[in-house]
Amino acid sequence: MSSGPSLQHYENEKTKTVAIVGAGLVGALNACFFAKRGFQVEVYEARKDIRTAKDVRGRSINLALSYRGRQALKAVGMEDQVVSKGIPMNARMIHSLLGNKSSLPYGKKDQYILSVDRANLNRELLYAASEYPNVKLNFEEKLQHYSLEKGSLTFIRPDGSFEVSHDLVVGCDGAFSTVRRQFMRQPRFDYSQVYIPHGYKELTMPPRNGDFAMEPNFLHIWPRNTFMMIALPNLDKSFTCTLFMPFEDFEKLTTGDEVLQFFKKYFPDSIPLIGIESLQQDYFRLPAQAMISVKCSTYHIGAKCVLMGDAAHAVVPFYGQGMNAGFEDCIVFDELMDQLHNDLSKCLPEFTRLRVPDDHAIGDLAMYNYVEMREHVNSRWFIFRKYVDTFLHFCMPKTIVPLYTMVTFSRIRYHEVIKRHKWQCKVINSILFVMGVSATITGAVLLFHYLPKSPHLLVLQNWNYSFK
């Protein structure tokens, strides 16, 4: 649009400048939020411009966009544009070892998550940010040092280094954040990172006869207890398959024949869909990639710097909430700016207070969901409980809400989701226990009453009557 998006001007905001370090998903979306508020925004990215680069490097696991992320996109007028380029997934499709398939809905009929391509979404967000006249995007400029004392950032680029200063620095530079290094020097800053013992490899399932090789509106899962494979649909009618497995298992497969035998044993129905030659080539294209979980506290330093997205809380991908949580960071901060009248000295500490417990909670939930996806979905008890939760939610929609629904289809705070889920589990387990005991007692009474009387029972009854 030629005139650019409308800006919300606030007193003194024209003179304030914001440096956003990182032009990934969260950084690009943040540029839209701050620009809409009237700040002068400079975005610095170490990589080439993804909109024009021929080779796009970085993570490529497909993303699942859900309610939290959509609300953030809606706030900057981008929801419809992004949703139109996603593929709805209404349920999980479970592939058994024997090739049987069964679906587990995510929620109600109108509830679904969207499979979106990371690179395409990043491009869309950068194009949207570039339409604001008060946004400048800088690429191939890598942050080398951030001096809190001087309030300066030192960047390096192909032709040398340069130094800049801004009123606010927003660190959106990923799990290995350079901005976060400054936080590491602050007293009482807590930080932890964990590499899980599992890695991942990506494979491609091409279209078949010009159409999807499998049902497109599902997240396909091959759960195998200690490992699993998933597949998400793409707009070109292919599927991106991701194999999650312990590194030691990846290391055992060293030849194409070993990979083929492994898939014949554990994922036999996927072989004709992927293709033997493609399977053997894709598997060895890249080594197994690592997955890291990062937690830290606090997210801010004074009124000068704040961390968002993976720089503050990298999570493993098993709940599909990494991007959604990062996008929620953006909208929560924007809501605080409204509530606190753009006072950064109040907004930053309040942002830390609100987001730290929530982001730590989704990190824990993501770890748990890996066990659920690769193992629990094979359990009849788990499936039974899912149906019980769904039935009770239908009967008492405000009292009982399934865990996945709270995480994926609401903005209930993540840490409150965990508390509420624990309470609901106690209530539901108590109900099931009472029902089980009642059924057992009722069955025993009916059995005793209607069983044919044996001579031994008649003797017992006569003996009992003699005492009356």
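**Close-up views of a predicted model**

**View 1. The side chains of N62 and N234 are joined by a polar contact of 2.8 Å.** A second polar contact, of 3.2 Å, links the side chain of N62 to that of T240. (A polar contact is a pair of N or O atoms within 3.5 Å, one able to donate a hydrogen and the other to accept it; residues adjacent in sequence count only if both atoms are side-chain atoms.) N62 sits in the loop between β2 (40-45) and β3 (63-65). N62 counts as buried because its relative accessibility is 10%. (Buried is under 20% relative accessible area, exposed over 50%, partly exposed in between, with a 1.4 Å probe and protein chains only.) The model is predicted, so to speak for local features a pLDDT of at least 70 is needed and side-chain atom pairs count only at 80 or more, while totals for chains, interfaces and linings use all residues. Residues are numbered from 1 along each chain as its sequence is written, and side-chain values use heavy atoms, without hydrogens or water.

**View 2. Strand β13 (residues 190-205) pairs with β17 and with β16.** Eight bridges connect β13 to β17 (residues 289-297), and the two strands run antiparallel. In this pairing Q193 faces V294 of β17. Eight bridges also connect β13 to β16 (residues 239-246), again antiparallel. Here L203 stands opposite C241 of β16. (Strands are DSSP runs of E of at least two residues, and helices runs of H or I of at least four, numbered from the N terminus; two strands pair if DSSP finds at least two bridges between them.)

**View 3. The peptide bond between S297 and T298 is cis.** Its omega is about 15 degrees. T298 belongs to the loop between β17 and β18 (300-301).

**View 4. Strands β9, β10 and β11 form an open sheet, in that order, with antiparallel pairing.** At the edges are β9 (142-147) and β11 (160-165), each of which pairs on one side only. Five bridges hold β9 against β10 (residues 152-157), the two running antiparallel. Within this pairing, Y146 is set opposite L153 of β10.

**View 5. R188 and N342 both have a positive phi, though neither is glycine.** For R188, phi is near 70 degrees. R188 lies in the loop that runs between α5 (179-184) and β13. R188 is classed as exposed because its relative accessible area is 82%. For N342, phi is near 65 degrees. N342 is located in the loop between α11 (322-339) and α12 (344-374). N342 is classed as buried because its relative accessible area is 5%.

**View 6. The second largest pocket has a lining of 18 residues.** Nearest to the centre of this pocket are P105, Y106, G107, K386 and T390. Two or more lining residues come from each of β6 (101-105), α13 (380-395) and α14 (403-408). The biggest share is that of α13, which gives eight residues. By type, the lining holds 10 nonpolar, four polar and four charged residues. (Ala, Val, Leu, Ile, Met, Phe, Trp, Tyr, Cys and Pro are nonpolar, Asp, Glu, Lys and Arg charged, and the others, including Gly, polar. A pocket, on a 1 Å grid over the protein atoms alone and with a 1.4 Å probe, is an open set of points with protein on both sides within 12 Å along at least five of seven lines, and lining residues have an atom within 4 Å of a point.)
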